[in-house]
Amino acid sequence: MSNLSIAPYFPFRRIRITNETLIQGAAHIEVTPDRRFHPICHLCGQQSSSIHSWTERPVRDLNLASTRVWLFCQYRKIFCLHCQRIVTEDLGLFPPFFRVTLRLAQYLHELCKVMTVKEAAQHVGVDWKTVKNIDKLFLEQEYGQPNYDGLRILAIDEISIRKGHRYLTVVLDYLTGRVVWIGKQRKARTLSRFFNQLTAAQRKALEAIAMDMWDPYIKAVQKKVPHVKIVFDLFHVVAQFSKVIDQVRNSEYRKASQEDKAVFKGAKYLLLKNRSHLRRKKDRQQLEELLKLNEVINSVLILKEKLKHIWSYRSRTWANKTLDEWCALARALNDRAASKFAQTLERYRYGILNHCEYSIHTGKLEGVNNKIKVIKRKAYGFHDLRYFSLKIFQAFAN
Ligand SMILES: [Zn+2]
């Protein structure tokens, strides 16, 4: 660093450079407070002339190309009359407790938007915990204060964060696509915690919530915001019915003759797929053969299509009538699984009919799910749920 000075790259007003050296490829810059200015308190910004002590700390600054830059920064501890305590002076260089300058911290925060914490740490040459803490601090400033104003329609779903075991409850503003809240687990308590955070006026402003037929969530809504219309998601209901189709296939297979059993081979996949999505002629033929052979299986597939129709009505009367017809057909099959499903639909009838007024669904959350998986990788998993949540708020902020 003989002829080249770092000074032009140094927009810091309250300090002066006293020495610059290059040690093992890293720039060591010694800086000291500019005595023309009185020290100011980092908490309240008031000037103070009561100097308590001098101290020094190395802080990392932005790299100069590939050269790492260390500032050996002298600064003062002062007694602030306003705060009535000894505080660190504010040099506009690094926030107290930081081991990096504010501009490096901002840069790291930007990097964390596009790469993992580990990658950002490696790229700049800073410890990954430092990077994570910095990113978290900025996120807390930007997204830490929840905003529940203007919420009218929500979509709520659980997201599995570790195969089948750990769940998060995600609350989405249906109209803007913003993730508004994330809670651990998927119990009634979990969702109640969200409603507890809303003011009475915010709760009153809620109109409808799209969700799965998941009793703990239903319980929380009925208890905390009983006026809100629950709307059950078609996709989830069809997915549940697919299990019925599979059970029917199993029981029909057991009843079938040895000869007919051959037609069942590999049929599980054919039955679960949308009929129009079957591309291979061979698959279509096998399905037709099976449907001709077995009336019960034929009927459950028809029921699957009819099930979707219930969600297509805007009139409660018609939707109600179609639902009744559907249940009668399902019971006529004399199959235990199908009858049980009819019972389920009747039990949740209210939330199916509500779809007539609010044609909403949780499909939007499917996209959220995928994005969250990417964030999980970037944010070092979910060990720090707060950090993980903030990253999600950031990703869905608009
Ligand atoms: Zn102060």
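How many helices and strands are there in the protein chain? Here are my notes.

1. The protein chain has 16 helices and 10 strands. Both are DSSP runs numbered from the N terminus: helices are H or I with at least four residues, strands are E with at least two. Keep in mind that this is a predicted model, where local features need pLDDT of at least 70 and side-chain atom pairs count only at pLDDT 80 or more, while totals for chains, interfaces and linings use all residues. Residue numbers start from 1 along each chain as its sequence is written.

2. Now the overall shape. The radius of gyration, taken over C-alpha atoms, is 31 Å, well over the 21 Å that the globule rule gives for 398 residues, so the chain is more spread out than a compact globule. That rule is 2.2 Å times the number of residues to the power 0.38. Along its principal axes, the C-alpha trace spans about 95 × 50 × 30 Å.

3. What share of the 398 residues counts as buried? It's 30%, where buried takes 20 or more other C-beta atoms within 10 Å of the residue's own, with C-beta atoms placed from the backbone.

4. Strand β3 (residues 51-64) and strand β4 (residues 67-80) pair in the antiparallel sense over 11 bridges; pairing takes at least two bridges found by DSSP. Pro58 has Phe72 in β4 as its bridge partner. The hairpin has 2 residues between the strands, and Ala65 takes a positive phi near 50 degrees.

5. Next comes an open sheet of 5 strands with mixed pairing, in the order β8-β7-β6-β9-β10. The edges are β8 (179-184) and β10 (229-232); each has a single partner strand, so one side of each is left without a neighbour in the sheet. For β10, pairing with β9 (residues 208-211) is parallel, over 4 bridges, and Ala208 stands opposite Lys229 in β10.

6. Finally, the domains. The assignment, automatic or from a database, gives domain 1 (7-97), domain 2 (153-233 + 361-370) and domain 3 (234-356). The C-alpha centres of domain 2 and domain 3 are 28 Å apart, and 11 residues of domain 2 are in contact with 9 residues of domain 3. Contact here has C-beta atoms, placed from the backbone, within 7 Å. On the side of domain 2 that touches domain 3, the largest share, 4 residues, comes from β10.

Notes: A residue is buried if 20 or more other C-beta atoms lie within 10 Å of its own, exposed if 12 or fewer, and partly exposed in between; C-beta atoms are placed from the backbone. Two residues are in contact if their C-beta atoms, placed from the backbone, lie within 7 Å.
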